[in-house]
Amino acid sequence: MRFIINQAGSGGERIGSLKGFVKISTAVIETPASALFTQSGSVVHLTNEVLSKVFSNPKLLWVPLSKSYQLETGLKAQGEGVAKFAGLQNHLTCVTLHGASEITPSGHFESDSVPLWTKNGKKMISANRYMDLMEVFKPDIILAIADGHTSLDEGSKRISKALDRTSNMLNMCVTRHKNSTCLQDSSLIGVIVGVGEERKCEQSIQNILTYKENLSGVTLEGITDGSEESLTVPLEKLEAIFKRVGDALPKDFLCIIEGCWNPAVVVTAIEHGWDLFDGSYPLKLTNAGHALALQLDVNQDNKELCILNLNDESYKDDFQPVLASCECLACKKHTRAYIRHLLNTREMLASVLLSIHNLHHFDEFFHHARLHIASRTFDVFKKHIIKQYDFYKQNKKDVPIPTIQDVKTSKKKEKNKKRRVSDDDIDNVVKSDNSL
Amino acid sequence: MGAKSLALSFSVQAECNVSRARAGLMKLPHYEIKTPVFMPVGTQGTMKGLLPDQLETLDCEIILGNTYHLGNRPGTEVLEKAGGLHNFMGWNRGLLTDSGGFQMVSLLKLAEITEEGVKFKSPYDDSEIMLTPEKSIEIQNCIGADIIMQLDDVVQTTFQDYDRIKEATERTSRWLDRCLKAHKRPTEQSIFPIVQGLLNKDLREQSAKDHMTKNVNGFAIGGLSGGEAKDDFWPMVSLGTGILDKNKPRYLMGVGLAIDLVVCVALGIDMFDCVFPTRTARFGCALINKGQLNLKQKQYETDLNPIDNDCSCSTCKNYTRAYLHCIVTLETVACHLISVHNIAFQMRLMRTMREHIEKGTFPQFVKKFVNELYSDGNYPTWIVNSLNSVGINIVRK
């Protein structure tokens, strides 16, 4: 894979393209872009058939190992890598250890290995084992194994250890990558950790730059440990980090930001030269019953909130599409009222329709970002988006956040209720992962 | 020849010259249906995670909605504003709704059935609700399906008390009159009466004969597939198709297992519905001619075949058993993928039967099908007897 910068904007923002993929030689991923978040190798809630109704061109699939570890045996038997195995051979893949938005237990680290939290519990993974798995998953892009799941206010001692561990593991990843014949078609990405402490972060970057020739880019971890609190960093603070780290990196590096960041954070990161995002944000919206409804035209104000909570009863007889200007299948054929009904009855099609819309619209958001970079008006676009998101934050309906205890009991109640009400048609079998 | 009305016209296109099987065309306001047909069940105005577009690709021509559930959520007010369920869910082909009576009796222990209707406590707010024949039709008029069902007095299939069964059967006939009288959209929707009488031959005969005197466009056979022995089941189907007008469609409610479909088509049934194909999908079970695969089993861990090599559905074209094994009961995608395959399986079976009826080779098809399913030649008695009764002689090896 090659990363080529096609055009720089008036600030640090830039348009680039990922191309030269060996598996799909014609594929081009234009950046800034978002990947599509997967679980078990599938874009969450969407089959190959439905995904092809959303995107006709190759996309980058974000594959956290924690949520696809159980594919290993099948992958070995098949031998053609995770995209093909998951029925998505027309798309490209990027494998990482965990999704940045997963909440994982703290601790459990060993000197040369990190815990991988899978559906079947903890697996200790060394850099060697990780690269063995990469030879089985055969992704187009590999994020090096790292200890990056820490928040900005993580303690100094913990960060030092994270730094050492990450550095040692990167060394092993680079060596294995160089010597593996079957990984020659995969690009390796270094992981920046310990971002909360400026000096440690610099060290982390320096470590990575030691292997500059062997790496195609970096990914920024060490900001969030997956918790909601770690995501509620003031935008100015994040912006300072994006700028400081972005400026310290070689220009030809692909710059990735992991985590469930809202559109205001995304445009801020783009402005400082960050190219690729992990796609967990639209999934989080979908799992919450929310629809992204940004006004992408900078000449028009958004007359509604930029995120619609379709669980709300007020949509029960709202027969408009989620977003009138949207060209996705869900907006072309279905209404807010129908999606609200599907959410209310806990039908799986709700997540399918919301995924279709949210993925399409999030993709359009990046498309518009690129258009504005090209026409050197990104600053206008950025302000337009931040304004909408701020307005949403101030005006969204306050929904009390249930404590864990509440969630459990209310789920139980709901279950009992369902038993009585429904035809046993209701799915207790598959529970979508709301925590992400 | 056939029933003609604005709401439904049915014509038999081809008949098997051995059994009672027939292939027909049923013209409904929203779509023209080729029978025999299997109708997947989309209880709450959705087919278990599949888009209406996917159902069209799968060649589904008519699907089911449940009046009881839809009447509660989204409710008639919303459905009315939406202009009916077709609009609400974005489905332009055939729709059929049940009467709502079955759910009440099967789900609610508190239901009390009187001549007026079914009285029960709402599971949503514990208030008392009375579902009368008039109310059921009112809701179904609002939902706007092409075919709607009369409210019937439902008794558990294996129930034994003769007096109660007799009462229910006769009441079903009386309720039919009330339903027909209450029907507000006869040029757009057809009410099907339901033949009741459980496993009692005389009562069933009486019920079918009563219904035959009414001005209706088709008939349903109900009260079966409720846990009764197969030896008790098929004679009741046969009795129904023997009496009911040949020129009108006959719908056997709640039946959808492949072998049951084959036998009952031979007995002269045109329409079926069942939650089984989509329900079993959610537990990781995929349908094949030889029965079903439980994809959760370890034996599929490294099996790189599709579910069925002969199947052309999007699941079989793109996914292996090994991959499905990894994701069943874990990812919603697994439900969708297996539901697609299972519906494709049902559709293909019905299409194959239609083609054989048209070509005059239906008896041969039945023999081949049964032989493949019971490759040891150990055919169950009920299959041998039911098929023999319509002239398809299969003999145990």
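Which side chains meet in a salt bridge with a 2.8 Å N to O distance? They are those of B:Asp53 and A:Lys333. A salt bridge here is a side-chain nitrogen of Lys or Arg within 4 Å of a carboxyl oxygen of Asp or Glu.

1. Basis. This is a predicted model, in which local features need pLDDT of at least 70, side-chain atom pairs count only at pLDDT 80 or more, and totals for chains, interfaces and linings use all residues. Residues are numbered from 1 along each chain as its sequence is written, chains are lettered from A in the order in which they are written, and side-chain values use heavy atoms, with hydrogens and water left out.

2. Interface extent. Chain B places 53 residues in contact with 53 residues of chain A (contact: heavy atoms within 4.5 Å). The buried area between the two chains is about 4,800 Å². That is the accessible area (1.4 Å probe) that two parts lose on being put together, summed over both. Carbon and sulfur atoms give 58% of it. On the chain B side, B:Leu51, B:Phe88 and B:Tyr323 supply 13% of the area buried against chain A, more than any other three residues.

3. Several helices of chain B each supply at least two residues to the side that touches chain A, among them α1 (52-57), α2 (67-82) and α13 (332-359). Helices are DSSP runs (H or I, at least four residues) and strands likewise (E, at least two), numbered from the N terminus. Helix α2(B) gives the most, with 7 residues.

4. Annotated site. An unreviewed UniProt entry lists B:Asp98 and B:Asp273 under "active site"; such annotations may be inferred rather than shown by experiment. The two are spread over 176 residues of sequence but cluster in space, with a largest C-alpha distance of 10.6 Å.

5. B:Asp98. This residue is found in the loop between β6 (94-97) and α4 of chain B. B:Asp98 is buried, at 10% relative accessible area (buried: under 20%; exposed: over 50%; partly exposed: in between; 1.4 Å probe, protein chains only). Its side chain makes a polar contact with the side chain of B:Asn66 at 2.6 Å.

6. B:Asp273. Strand β15 (residues 271-274) of chain B holds this residue. B:Asp273 is buried too, with 9% relative accessibility. A polar atom of its side chain lies 2.8 Å from the backbone nitrogen of B:Gly254.

7. Other salt bridges. Over all chains the structure holds 47. B:Glu170 pairs with B:Lys166, closest N and O atoms 3.0 Å apart. Both lie in helix α6 (residues 162-182) of chain B, 4 residues apart, about one turn of the helix. B:Glu170 is partly exposed at 34% relative accessibility, and B:Lys166 is partly exposed at 30%.

8. A buried pair. B:Arg321 forms a salt bridge with B:Asp303, closest N and O atoms 3.0 Å apart. B:Arg321 lies in helix α12 and B:Asp303 in the loop between β17 (291-294) and α11, so the pair ties together parts 18 residues apart in sequence. B:Arg321 is buried at 16% relative accessibility, and B:Asp303 at 14%.

Note on methods
Polar contact = N/O pair within 3.5 Å; in protein donor to acceptor, adjacent residues only side chain to side chain.
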